Amino acid sequence: MLSIIIALLVNLLIETSVSFTVVVPADPVVAHVGSTVILPCRISPPEDAEALEIRWYRHEQFDNPVFFYNHGKIQDTQEESYRNRTSWFLRSDQSGGLKDGDVSLRLEKLRVQDDGSFRCYVSGPISYGSEEVNLKIMALGSTPVLVPQPLDDGRINISCRSSGWHPEPSITWTSDDGKVLHPGGSSHSRGEDRMFSIHSWMAVSQSDTQLVTCSLSIITGELKESRIDVQAIISSDLWKALFFVFLVFALLGLVGLILYKYRENLTGKKPAEDVAKEIAELRKHAVEITIDSENSHPDLKVSKDGKIMRDSPDYHHTGDGFPYELFAFGAQRFASGRHYWEVELGRENTAPKHYWLIGVVKHGTFRLKDRSAFTPSSGYWFLCSDGPNGFHTNTDPPVKLPLTPRPEQLGVLLDYDDGLLSFYNVKERKHLLTISSRFSGSVVPLFNPGVGDKSPLRILDCPKPAESAAEPSQPLMSNNSSEA
């Protein structure tokens, strides 16, 4: 009889208990770097949440939460990067806090790394639920710096630079009458803080416009802009001052170069701290690359180890422009993660190659013949050196840029997940360019040695970062390949 009464009471308790749902805003929450934000979350219908388990976590890291409340108190289990940055907060002045089912999270000292989704999870004895709050982190960069430089044809090249942006800003050039001008090119890079630095440039003549404005803006509508008076530059004596400043900096640069070369000759190596830092940064994701000889052009001469390639003596280029058909493809496929490799474009006592093409291509896109089809939308992403025609990408619009000195050792970093393809002048420790795109399916390394150069194109074996850091006097590249 007693057991029957207990069972009836349990059933009555379950039937009268009300299940809840987790409610969050449908629109993203927008906040700026360094500020404090409230991520709203509540349970409906409202009930006392003090006895419930409440977790905020990211990226399926359920056991490593951003914030964890259980057994009536905040628990110490927490992702380290969020320690001392999180707390409860009322989503509105009318909220009764936990007693009213308000489990909103206060997040302080925002970083770019906080951008993305946060999951609000609430669990009770007979019910649980979770929903995601999308947080958009914004960073308004620096005021653009405009630098004019005279060109041989009488026009002025105006360079626009700015840094500290997130997400990547839009760049707009306009004239004094509001007409949109088309830049000669633009590039971006991301620092260790994941913020964007932007460089854009364009050439204008005296008859084009009087004022030129370079504006950078993010999706919130916030912008920074700078304006330069072209007519005043041309008609005044400013060019004399600019020439004098340029001359002073050129002399200082020459003195610095002489001292730098003297230090190299004296020690027999470059500064160890620079070498160790660059190798550790660029080679964390080094992979071995070899050529897939079955899919490469038959007029390419490839070494047995698949590391060295050049145009065959029997190949005669009869077309105009760069010989795009001489493609060679890597045997390795990548569909996620970060991967880095290096290519030698000039050997000691030999001039660097003037003709080459390096990048990645979607696997299986190997038989295109129309050179106009070599675009990102067709599965091609590359940087090309076309002799006297300079360097350019195949992006739309293409980016043309001067690279001085010519790269002798080129580093390529493929960040598949973030859709980035970056190029580095390894010998000079310089970042050259980053192509931003969206990859799908597997991609493979892409090479083309061009025609007419004495030096072949050589894929190098990267030393392990730990070895490079411990032995900074070793050369940047090691190679055991046989000549093609």
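Which ring does the charged end of R55 sit over? Select R55 and F68 to see: the charged end of R55 is placed over the ring of F68, 4.0 Å from the ring centre. Before going further, keep in mind that this is a predicted model. Next, pick R58 and F118, where the charged end of R58 sits over the F118 ring, 4.2 Å from its centre.

**A three-stranded sheet**

Now switch to cartoon view and colour β3, β9 and β8. In that order these three strands make an open sheet with antiparallel pairing. The edges are β3 (37–39) and β8 (86–88), each of which pairs on one side only. From one strand to the next, the twist averages 30°. Zoom in on β8 and β9 (residues 105–107): they run antiparallel and are joined by three bridges. To find your place across that pair, show S87, which stands opposite R106 in β9.

Move on to residues 145–150 and 156–165, which are strands β12 and β13. Six bridges hold this pairing, and its sense is antiparallel. Select V145 and you'll find its bridge partner in β13, R161.

**A serine in β18**

Jump to S215, which belongs to strand β18 (residues 211–217). Is S215 buried or exposed? Its relative accessibility is 11%, so S215 counts as buried, the cut-off being under 20%. Show the side chain of E225 too: a polar contact of 2.9 Å joins it to the side chain of S215.

**A seven-stranded sheet**

Back to cartoon view for an open sheet of seven strands, in the order β20-β21-β32-β23-β28-β29-β30 and with antiparallel pairing. At its edges lie β20 (300–302) and β30, each pairing on one side only. Neighbouring strands here are turned by 20° against each other on average, ignoring direction. Within this sheet, look at β23 (residues 338–344) and β32 (residues 457–460), an antiparallel pair with three bridges. V343 has I459 as its bridge partner in β32.

**Aromatic rings**

Last, show the rings of Phe, Tyr and Trp. How many aromatic pairs are there? The count comes to 17. Take F334 and W341 as one example: their ring centres are 6.1 Å apart and their planes are at 15°, so this pair is stacked. Both partners are buried, F334 with a relative accessible area of 7% and W341 with 1%.

Compare the rings of W381 and F439, with centres 4.8 Å apart and planes at 80°, so that pair is edge-to-face. Trace the chain and you'll see that they link distant parts of it: W381 is in strand β25 (residues 380–386), F439 is in the loop between β30 (430–436) and β31 (443–448), and 58 residues separate them. W381 is buried at 3% relative accessible area, and F439 also counts as buried, at 9%.

Finish by selecting F322, Y324, F327, F329, F374, Y380 and F382, which form one aromatic cluster.

Notes: Residues are numbered from 1 along each chain as its sequence is written. This is a predicted model: local features need pLDDT of at least 70, side-chain atom pairs count only at pLDDT 80 or more; totals for chains, interfaces and linings use all residues. Side-chain values use heavy atoms; hydrogens and water are left out. Two strands pair if DSSP finds at least two bridges between them. Helices (H or I, at least four residues) and strands (E, at least two) are DSSP runs, numbered from the N terminus. Axes are lines fitted to C-alpha atoms, for helices over the stretch in contact, and angles run from 0 to 180 degrees between N-to-C directions. Rings of Phe, Tyr and Trp (its six-membered ring) pair if their centres lie within 6.5 Å; planes under 30 degrees apart count as stacked, over 60 as edge-to-face and the rest as tilted. Buried means under 20% relative accessible area, exposed over 50%, partly exposed in between (1.4 Å probe, protein chains only). A charge sits over a ring if NZ of Lys or CZ of Arg is within 6 Å of the ring centre and within 35 degrees of the ring normal. A polar contact is a pair of N or O atoms within 3.5 Å; within protein, one must be able to donate a hydrogen and the other to accept it, and residues adjacent in sequence count only if both atoms are side-chain atoms.
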